[in-house]
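Subject: Handing over the model

Hello! Here is the structure I promised to pass on to you. Please have a look at it first, and then read my notes below.

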Amino acid sequence: MGIIAGFMVPHPPMIVPDVGRGSEKQILETTEAYEKVAKKISELAPDTIIITSPHTTMYSNYFHISPGSRTVGDLGEFRAPNVTFEEYYDHELVNRLNDICFEEGFSAGIEGQRKKRLDHGTMVPLYFIRKFYKGGKIVRIGLSGLSLADHYQFGMYIREACEELGRKAVFVASGDLSHKLQEYGPYGFAPEGPEYDRKIMDTASRAAFGEMLEFDEDFCDKAAECGHRSFVIMAGAFDGFAVKANVLSHQDVTGVGYGICEFYPQNPGEVDENRRFLDKLLAKIDEENAKSDPYVRLARLSLENYIKKGRKVRIPEDIPEGLMSELPEEIFKQKAGAFVSIHKNGQLRGCIGTIAPAAKNVANEIIQNAISASTRDPRFDPISEDELRWLEINVDVLGEPEDIDSMDELDVKRYGVIVSCGYRRGLLLPDLEGVDDVETQVSIAMKKGGITKADKYTLQRFEVIRHK
């Protein structure tokens, strides 16, 4: 069998009458749609109900799969301790999924459980499901701080485990939409809030799962969404399948978006190559990498050579003739500080550089700093070989720093800043996402250098040539 249906659902505790105590009437449309989902699951009679929840155990770089055979929970946290749950895990499926992730070197497993009891992101869906369907065991899975592509890949592994064991499973992707839809809502209003809800409901209505991978993470943060990663895991579980989608409801009356949508794979056993969205994303990245500036391609060559072969690139022996011909003469003659910044699916994965030149020329500066950024940045684990294809690389070549008297002489888009106090120095590059004003730029540079406002410090500014 495999995953026979998927459901995108919210988890507001107030929708449970014992919690809402009348306030649940505000979202009657959501309640009615939820009951349709629960009845449909009852008709499908799955062996296993897979639930992804933002409120169970979550790590920044690891997906947690709840282990064990039995679990309990209640809504006492929401003044309804009488609403109780007792569920049994499909431990055979959990163990197979754990093994697949281990075999693939994928960061997911059953270790590190912190929340044994059921969370409300799991219990609210189960409240409705168990009104109509008492059968089937569950699998509870947390989200992570990893990329959207990793969440999608995880969904693919979940489906693989279900198919291997012949499970007839349904996927319940638990998650609210934006929490910033109204001024009176719990987090106030942001223009990104209603825009997120509009986009995700449109995407869901078309089962356009590839577009879910393209949502900007900064945009999602500003919208204060809750369930996007949950929805992306579910999307991955349907990779390569034609899918029929049906939107059941969308409400935003509480200032939080609640969307319900159902998904059914079509033509079981038939692969739709146009819906292999992870492969499409990889092809797009490969195409963009091929168009990179030669400085960036030199950095990529350096880190790939070091990670795969354990040695530093030699000039000119290890540089392909085509790249060598594109590199300008000055890269081998001039000296300058340089930073290599590495992102993976939009998230920083490493950044190390030199304020002043430490190598005999810019080419060697880039080669050395690419190695350091990919394997020696203390904030991150060393980059592994299977990550290489996903990397986005920038190279910043620094101009000469110049002393300035005050922050008035800075411009976050044009100048980087160096804050110095004795031997302590903090640097921040210009034109960085999320750094929109000089005060923020200087504050971050001070923090990086371990410098406080009480210290007597000096400021320098510099320009960069950014290569992408």
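A word on terms before we start: helices (H or I, at least four residues) and strands (E, at least two) are DSSP runs, numbered from the N terminus. With that in hand, you can find arginine 21 in the loop between α1 (17-20) and α2 (28-44).

Please keep in mind that this is a predicted model, where local features need pLDDT of at least 70, side-chain atom pairs count only at pLDDT 80 or more, and totals for chains, interfaces and linings use all residues. Residues are numbered from 1 along each chain as its sequence is written, and side-chain values use heavy atoms, with hydrogens and water left out.

Now the overall picture. The protein has 14 helices and 18 strands. Its radius of gyration (taken over C-alpha atoms) is 25 Å, close to the 23 Å that the globule rule (2.2 Å times the number of residues to the power 0.38) gives for 468 residues, so the protein is as compact as a globular protein of that length. Along the principal axes, the C-alpha atoms fill a box of roughly 75 × 50 × 35 Å.

How much of the protein is buried? The share is 54% of the 468 residues, where buried means under 20% relative accessible area, exposed over 50%, and partly exposed in between (1.4 Å probe, protein chains only). The protein exposes about 21,000 Å², and carbon and sulfur atoms supply 48% of that area; accessible areas come from the Shrake-Rupley method with a 1.4 Å probe, and for residues only the protein chains shown count as cover.

Contact here means heavy atoms within 4.5 Å. Among contacts between residues at least 6 apart in sequence, 77% join residues at least 24 apart.

On charge, there are 58 positive and 75 negative side chains, and the centres of the two sets lie 3 Å apart. Lys and Arg count as positive and Asp and Glu as negative, while His and the chain ends are not counted. The place of a charge is taken as NZ of Lys, CZ of Arg, CG of Asp or CD of Glu.

Next, the cysteines. A disulfide is a pair of cysteine sulfur atoms within 2.5 Å, and a search of the whole structure finds zero of them. For cysteine 226, the closest cysteine sulfur is in cysteine 220, 12 Å away, which is too far for a bond. Cysteine 261 is in no disulfide either, as its nearest cysteine sulfur, that of cysteine 226, is 17 Å away. Cysteine 226 counts as buried at 14% relative accessibility, and cysteine 261 is buried with a relative accessible area of 0%.

Some backbone details come next. Most residues other than glycine have a negative phi, and most peptide bonds are trans. Isoleucine 315 and proline 316 are joined by a cis peptide bond, with omega about 0°. You will find proline 316 in the loop between α11 (294-309) and α12 (321-326).

- Proline 265 is in strand β10 (residues 258-265) and is buried, at 19% relative accessible area. Leaving aside neighbours within four places in sequence, proline 265 is in contact with Ile3, Ile4, Ala5, Phe238, Phe241, Ala242 and Val243.
- Serine 372 sits in helix α13 (residues 362-375) and counts as buried at 10% relative accessibility. Not counting residues up to four places away in sequence, serine 372 touches Ile352 and Asp377.
- Glutamine 334 lies in the loop between α12 and β11 (338-344) and is partly exposed at 47% relative accessibility. Beyond its neighbours within four places in sequence, glutamine 334 is in contact with Asn361 and Val362.
- Proline 328 is also found in the loop between α12 and β11, and counts as partly exposed at 21% relative accessibility. From proline 328 to alanine 363 is 35 residues in sequence and 10.0 Å in space, C-alpha to C-alpha.
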